[in-house]
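Dear colleague,

I am handing over the structure below, together with an account of what was found in it. Please read the notes alongside the coordinates.

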Amino acid sequence: MDKKEENREDEEQVVNPWEVSSSAGKIDYDKLIDKFGCQRLDHSLVHRVQRLTGRPPHVFLRRGVFFAHRDFNEILDAYERGDKFYLYTGRGPSSEALHLGHLIPFMFTKYLQDAFKVPLVIQLTDDEKCMWKNLSVEESQRLARENAKDIIACGFDITKTFIFSDFDYVGGAFYKNMVRVSKCVTYNKVVGIFGFTGEDHIGKVSFPPVQAVPSFPSSFPHLFKGKDNPRCLIPCAIDQDPYFRMTRDVAPRIGYHKPALIESSFFPALQGENGKMSASDPNSAIYVTDSGKVIKNKINKYAFSGGRESVELHRKLGANLEVDIPVKYLSFFLEDDAELEHIKKEYGVGHMLTGEVKQRLTQVLTEIVERHQTARAAVTDEMVDAFMAVRPLPNMFN
């Protein structure tokens, strides 16, 4: 492939922490793996997780939602030797409510915490959203606390989980690590990784170390002091990879392990698989605040169908499962593998109609959202304070 073709392919597909788009209509994840230099998560690693934890693999692992990794095999090697690791994930609080795409890394991280019995740090980048979304400091902090309630509602173990917002926590050992990282990354390097331009303010250019250093246990002396420098595993969507490519490049130069990553594909918009759901378009997403009626209406009205133009044609040709959003959503959230395969087979040959598939999806998503709403209603401000309190976690590796 010549340079011109390579550049044209790059222009067709944009994936970074702030933009996900593809002029080809959908993200080509194989190209993304090649471009980013990560590895495909194969079945042998999924089976190994099951063997080491004694638990069935999460649906997101079984069905390849989490599809790429960096050094996940080394985390499993360490775990098998009896060495410790911790989890790190996060959320940029730019909106009042989360949509289902936002929940995916937290649902999966909850599974990892329970399966491996390890501690977790969750970063709320209220400073980042203040700079990128033109929010006030105070509004960013308020949204961070609101989003923390949704995160806590996912069921994390308070004895193993520390949630922090950058505005509240950055300083001390954390800030020292930020300075160490900053000294190792040139301006040209950060522009090459993130695509900053001369129009971007210096806050954006200086932010990447803030997201990098939770990868290092010494950023949390109240948790990990004297704990033999545990490794870090980061579950996240693949658009966050640029931050951690930078982090992995710097880590050995300042005496730390490279963080490992396990990375997910994007949960597509209702209108089609051309990127990820958008918080700016309420009809592109199912929100955790939506009522059953709203969910049903959004799925029936906006979920892009691979069904045919007429019932007669559909019975003859079957649905195009490659573009059908209800089937893709069921692949994320319908637990029963046998039922999913039955739906795909029957719908694919035209025995099932679009309305039947959308009806089943409405049931599945309504159940998930209503369960989340019940859990979130039970989260008090005192619980948020408890999760965000700077404190030791004495039983975090038990």
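**Cavity**

The largest cavity is lined by S215, F216, P217, N229, P230, R231, C232, Y256 and H257, where a cavity is, on a 1 Å grid over the protein atoms alone, a set of points where a 1.4 Å probe fits but cannot get out, and lining residues have an atom within 4 Å of a point. This is a predicted model, in which local features need pLDDT of at least 70 and side-chain atom pairs count only at pLDDT 80 or more, while totals for chains, interfaces and linings use all residues. Residues are numbered from 1 along each chain as its sequence is written, and side-chain values use heavy atoms, with hydrogens and water left out.

The volume of the largest cavity is about 40 Å³, a volume being the space filled by probe spheres set on the points, which are joined across faces, edges and corners. The count comes to one cavity of 30 Å³ or more. Its lining divides into five nonpolar, three polar and one charged residue (Ala, Val, Leu, Ile, Met, Phe, Trp, Tyr, Cys and Pro count as nonpolar, Asp, Glu, Lys and Arg as charged, and the others, Gly among them, as polar).

**Salt bridges**

The whole structure holds 28 salt bridges, each a side-chain nitrogen of Lys or Arg within 4 Å of a carboxyl oxygen of Asp or Glu. One of them joins R62 and D337 at 3.0 Å, N to O; because R62 lies in helix α4 (residues 59–62) and D337 in helix α19 (residues 337–348), the pair ties together parts that are 275 residues apart in sequence (helices, H or I of at least four residues, and strands, E of at least two, are DSSP runs numbered from the N terminus).

D71 and R248 form another salt bridge, with the closest N and O atoms 2.9 Å apart. This pair links distant parts of the chain, D71 being in the loop between β4 and α5 (72–81) and R248 in helix α15 (residues 241–250), 177 residues apart. D71 is buried at 13% relative accessibility, and R248 is buried at 11% (buried means under 20% relative accessible area, exposed over 50%, partly exposed in between, with a 1.4 Å probe and protein chains only).

A network of salt bridges links R145, E146, K149, D150, R376, D381 and D385.

**Sheet**

Seven strands form an open sheet of mixed pairing, in the order β3-β4-β9-β8-β5-β6-β7, where two strands pair if DSSP finds at least two bridges between them. The edge strands, β3 (39–40) and β7 (161–165), each pair on one side only.

Best regards

Key: 1 Å grid on protein atoms, 1.4 Å probe; cavity = no way out; pocket = protein on both sides within 12 Å on 5 of 7 lines; lining within 4 Å.
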